[in-house]
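I opened this notebook page to keep a record of what I looked up in the structure. The entries follow the order in which I went through them.

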Amino acid sequence: MIKRSVVCLAVALVVLLAMGVTCFAVAEADTEASATVVALGVSNGEDGIRAEWSCNSEATSFVVYRAEANKDSVPIGRVSGDATEYIDKSVKGGVVYKYTVKATFADGEAQSNSAEIMRLESAEITCAFNNPQGIVFGWKQVKGATQYKLYKDGCKSPFAVVSGDTLSYTDTYVSHGNAYTYSVEACYGRYVSYPSFRKSGVFVDAPTVVSVSNGDGYTCFKWDGPDDADGFRVYKKSSNGSWKLITKTSGRAIYIFDRSVKSGDECTYTVQAVKNGSISGYDSQGKTGVYTAKPVINQLFNAKDGLYL
């Protein structure tokens with residue numbers, strides 16, 4: 001278009017000169033605003049959808065446009081000519097948006113390619129704790145997600161992928177005393193959320209419950225736990241009750257005397273190990289025993305046929 005105009009101007013100049021008309025020099029028109037916005041990309045950020053672009057010439061400003069399904073594209077923001085990104089915070093989870101960017105130059109405009117993405121919130125990790133098999137971590141459900149990618153210790157590749165209705169995972173590839181860090185990405189097809197904040201956990205081996213036995217006025221509960229544990233947390237429940245913490249020990253204790261029992265009580269015991277502030281899993285079945293008190297002789301007297309007590 002511009003080159004054709006230049007040719008036309010040159011022809012007109014020759015005609016005018018042939019006619020003897022004096023002309024001043026005519027400056028060649030600027031080249032077309034060929035500086036285009038290239039490689040427009042969009043991604044899910046922590047606070048919204050991030051649109052990023054690059055430009056091969058100096059622009060005066062950029063205008064970002066957004067469209068939803070079955071709706072016209074509308075401008076949502078204007079930024080300066082040295083900007084290379086825009087964060088759209090007015091988005092809703094599970095909705096697909098299409099973006100374009102229009103660059104303004106001194107001599108015209110240029111528009112980018114369009115880029116589409118679904119808004120996926122970050123999958124917030126809500127917990128990380130030990131069970132006897134490994135470290136369990138869970139996260140909040142993300143609207144629109146059909147699967148979750150799970151990452152461990154900063155690796156770029158996921159170590160597991162689970163369905164969109166799964167909100168927890170047990171990592172069994174762990175070793176006693178080691179720390180592990182996890183993050184989660186929510187996904188819908190090619191669309192991926194911003195990674196969750198990382199959550200760390202230290203795996204501690206669960207103690208093995210050994211025995212429950214009766215003594216004189218007490219029940220003795222024994223277990224076998226990690227040698228390097230800082231201490232143990234002992235729990236008890238009745239036949240129809242729930243687990244209640246009854247004592248905490250320090251060091252290498254491997255048994256306790258429960259002197260709160262009464263004759264006929266059926267009690268179940270279990271225990272957790274503690275190391276560097278992390279708590280192990282526990283045996284949910286535990287060990288059960290019935291306390292039977294030793295008979296107490298209240299009175300002893302003679303009778304014709306022997307002693308009575």
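**Entry 1: Lys-236**

Is Lys-236 buried or exposed? I was working from a predicted model, and in it Lys-236 has a relative accessible area of 16%, which makes this lysine buried because the cut-off for that class is under 20%. I placed Lys-236 in strand E19, which covers residues 231-238. I then looked for a polar partner and found that the side chain of Lys-236 makes a polar contact with the side chain of Asp-258, at 2.9 Å. Setting aside residues up to four places away in sequence, I noted that Lys-236 touches several others, among them Ser-242, Trp-243, Ile-246, Asp-258, Cys-267, Thr-268 and Tyr-269.

**Entry 2: Thr-268**

Thr-268 is buried, with a relative accessible area of 8%, and its side chain makes a polar contact of 2.6 Å with the side chain of Thr-288. Leaving out residues up to four places away in sequence, I listed the residues that Thr-268 touches, including Tyr-235, Lys-236 and Lys-237, as well as Trp-243, Gln-285 and Thr-288.

**Entry 3: Cys-220**

Next I turned to Cys-220, which lies in strand E18, residues 218-224, and which counts as buried at 6% relative accessibility. Which residues is Cys-220 in contact with, leaving aside its neighbours within four places in sequence? I found Ser-211, Val-212 and Ser-213, together with Tyr-255, Ile-256 and Phe-257. For Tyr-255 I also noted the spacing: Cys-220 and Tyr-255 are 35 residues apart in sequence, yet their C-alpha atoms are 6.8 Å apart in space.

**Entry 4: nonpolar cores**

I then looked up the nonpolar cores, and the largest of them has 40 residues, of which Trp-53, Tyr-99, Trp-139, Tyr-148, Leu-150 and Val-184 touch the most other members. Strand E6, residues 96-105, gives the most to this core, with 5 residues. Apart from this core lies another, of 14 residues, and I wrote down Val-204, Ala-229, Ile-256 and Tyr-269 as being among them.

**Entry 5: salt bridges**

How many salt bridges does the structure hold? I recorded 10 salt bridges and went through some of them individually.

- Glu-85 forms a salt bridge with Arg-50, with the closest N and O atoms 2.7 Å apart. The pair links distant parts of the chain, with Glu-85 in strand E5 (residues 85-88) and Arg-50 in strand E2 (residues 49-55), 35 residues apart. Glu-85 is partly exposed at a relative accessible area of 34%, and Arg-50 is partly exposed at 26%.
- Arg-190 forms a salt bridge with Glu-116, and here the closest N and O atoms are 3.8 Å apart. This pair also links distant parts of the chain, 74 residues apart, with Arg-190 in the loop between strand E14 (179-188) and strand E15 (191-192), and Glu-116 in strand E8 (residues 115-118). Arg-190 is exposed, with a relative accessible area of 63%, whereas Glu-116 counts as partly exposed at 37% relative accessibility.
- Lys-140 forms a salt bridge with Glu-124, the closest N and O atoms being 3.3 Å apart. Lys-140 is in the loop between strand E10 (134-139) and strand E11 (147-152), while Glu-124 is in the loop between E8 and strand E9 (125-131), so the bridge ties together parts that are 16 residues apart in sequence. Lys-140 counts as partly exposed at 46% relative accessibility, and Glu-124 is partly exposed at 43%.
- Asp-224, Asp-227 and Arg-252 are linked in a network of salt bridges.

**Entry 6: the whole protein and its confidence**

The secondary structure comes to 1 helix and 26 strands, and buried residues make up 35% of the 309 residues. Among contacts with a separation of 6 or more, residues 24 or more positions apart account for 57%. The protein exposes about 18,500 Å², of which carbon and sulfur atoms supply 50%.

On confidence, the average pLDDT is 86, and 83% of the residues score at least 70. Over residues 1-33 the pLDDT is below 50, and I noted that this stretch has 15 contacts in the model beyond near neighbours in sequence.

Terms used
Residues are numbered from 1 along each chain as its sequence is written. This is a predicted model: local features need pLDDT of at least 70, side-chain atom pairs count only at pLDDT 80 or more; totals for chains, interfaces and linings use all residues. Side-chain values use heavy atoms; hydrogens and water are left out. Buried means under 20% relative accessible area, exposed over 50%, partly exposed in between (1.4 Å probe, protein chains only). A polar contact is a pair of N or O atoms within 3.5 Å; within protein, one must be able to donate a hydrogen and the other to accept it, and residues adjacent in sequence count only if both atoms are side-chain atoms. Contact means heavy atoms within 4.5 Å. A salt bridge is a side-chain nitrogen of Lys or Arg within 4 Å of a carboxyl oxygen of Asp or Glu. Helices (H or I, at least four residues) and strands (E, at least two) are DSSP runs, numbered from the N terminus. pLDDT is the predictor's confidence in each residue, from 0 to 100. Accessible areas come from the Shrake-Rupley method with a 1.4 Å probe; for residues, only the protein chains shown count as cover. A nonpolar core is a set of buried Ala, Val, Leu, Ile, Met, Phe, Trp, Tyr and Cys residues joined through side-chain atoms within 4.5 Å.
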